[in-house]
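Welcome, and thanks for taking a look at this one.

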Amino acid sequence: VSTIPLREFILKVPREEASFTASDIVRTFPRKISRQYAHRILRQLVEEGKLIRGGSTRGAFYALPEQAEQVGLAVKLRLQNRGLQEDAVLDELRARLPPLNTLKRNVNEIFAYAFLEIMNNAIEHSESARIDVEIQMVRGQAKFVVEDYGIGVFRKVMSQRRLGSELEAIQDLLKGKTTTAPAAHSGEGIFFTSKVADVFDLDSFGRRLRVDNLIDDVFIVDAKPLKRGTKATFSMAKSSTRELRDVFQRFASEPTDPSFDTSEVKVKVYSAVSGYVSRSEARRMLSGLDKFRTVTLDFQGVQAVGQSFVDQVFRVFPRQHPDIVLRPINMDDPVAFMVERAKRSS
Ligand SMILES: Nc1ncnc2c1ncn2[C@@H]1O[C@H](COP(=O)(O)OP(=O)(O)OP(=O)(O)O)[C@@H](O)[C@H]1O
Ligand SMILES: [Mg+2]
């Protein structure tokens, strides 16, 4: 009698079919096991990301992640960036991946919005001859990847807007209304896509921006291996209850006028310099924010701020821009103290 553990049997023993069911496992495993036991181990493997699950609860089937495409839970297209239209690409993907058409209304709306924005960016801004797209419908997630081999999102924004570093380009993209083609674009795509995702990543030439809305946090890290061009990865839970219009609404100050006039800055992403002390740091953070009517300044993760920094933000800037409302949130006591002090002296 074979002593192979069930987990290993499921993951390592070759089968003819790419996908299998719990009953297949019970039938072919060399020892007698219960269905419940097979189900339990399968569920664990899915949770660990070692297996993917497809189908409904009753008709569930399983496969190794690298077989997602073969079993109809993923699709990949390699496209030449010539005369491409983002909506035609999405139609093509829908035709090739039927599970994509079974998303709930609100998830479908968000997924399509985000895909069209990011695909449009690759087509119009990347200067890449090739664009690869992939959609995966596994592990309760709807996920897409759009990858180009062009000039790179952070580098493009940095050079065209004459910024000092790719980090500054990332900081500006996070504010919204950052575009290098103002005649034809408004700089909303990356901002809103990053807000409607559960998790959104932009990876380009060694820098990675991750916006994780599940924990309401933003990360900017060095990434290896170096990605030439731009790789955007979007994912959200298929069970999400988020509504696209609620997200647009959050960044509009008038409920009756849904125009994009509200931005939100995570002060934390400015920490790389000297630690929120200088006036020039404050000016960098505030640059471009005059395009908005309301700006939320989120101090989460900021332990202290210097006098010149808060003076610039809460006294000088409001004098220059009396119509803009600054809303500081998530302040630790030392920060709140300094902010209060600056506001008083204005
Ligand atoms: N794949 C890419 N390759 C190179 N640059 C990019 C890419 N995607 C975006 N960019 C740069 O980032 C900027 C911001 O993109 P975003 O989608 O937020 O705004 P936009 O495309 O300019 O305007 P909108 O999306 O409102 O039409 C672009 O103007 C472009 O300079
Ligand atoms: Mg865009």
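An oxygen atom of ligand 1 sits 3.1 Å from a polar backbone atom of Gly189. This is a predicted model, and in it the protein covers 94% of the 600 Å² of accessible area that ligand 1 has on its own.

**Around ligand 1**

**A loop residue: Thr178**
- Look for Thr178 in the loop between α7 (166–175) and α8.
- Thr178 counts as buried because its relative accessibility is 9%, under the 20% cut-off.
- A polar atom of the Thr178 side chain lies 2.7 Å from the backbone oxygen of Asp172.

**A nonpolar patch on the surface**
- Leu214, Ile215, Phe219 and Val221 make a nonpolar surface patch of about 360 Å².
- Within this group, Ile215 is in the loop between β7 (207–212) and β8 (217–222).
- Ile215 has a relative accessible area of 53%, so it is exposed.

**Salt bridges**
- Side chains of opposite charge can pair when their charged atoms come close.
- The count here comes to 29 salt bridges.
- One of them joins Glu243 and Arg105, with the closest N and O atoms 2.8 Å apart.
- That pair links distant parts of the chain, 138 residues apart: Glu243 is in the loop between β9 (230–237) and α9 (244–250), and Arg105 is in helix α5.
- Arg284 and Glu168 also meet in a salt bridge, at 3.6 Å from N to O.
- This pair spans 116 residues, from Glu168 in helix α7 to Arg284 in helix α10 (residues 279–286).
- Arg284 counts as buried at 16% relative accessibility, whereas Glu168 is partly exposed at 21%.
- Arg130 and Asp132 form a salt bridge through their side chains (3.1 Å, N to O).
- Arg130 is partly exposed, with a relative accessible area of 31%, while Asp132 counts as buried at 10%.
- A network of salt bridges links Lys195, Asp216, Arg250, Glu264, Lys266 and Asp298.

How values were computed:
Residues numbered from 1 in each chain as written. Chains lettered and ligands numbered in written order. Predicted model: local features only at pLDDT ≥ 70, side-chain atom pairs only at ≥ 80, totals over all residues. Heavy atoms only, no water. Polar contact = N/O pair within 3.5 Å; in protein donor to acceptor, adjacent residues only side chain to side chain. Areas by Shrake-Rupley, 256 points an atom, 1.4 Å probe, with all protein chains shown as cover. Patch = residues over 30% accessible without salt bridge, like charges linked within 9 Å, V, L, I, M, F, W, Y side chains within 5 Å. Salt bridge = Lys/Arg side-chain N within 4 Å of Asp/Glu carboxyl O. Helix = DSSP H or I, 4+ residues; strand = E, 2+ residues; numbered from the N terminus. Buried < 20%, exposed > 50% of the residue type's maximum accessible area, 1.4 Å probe, protein only.
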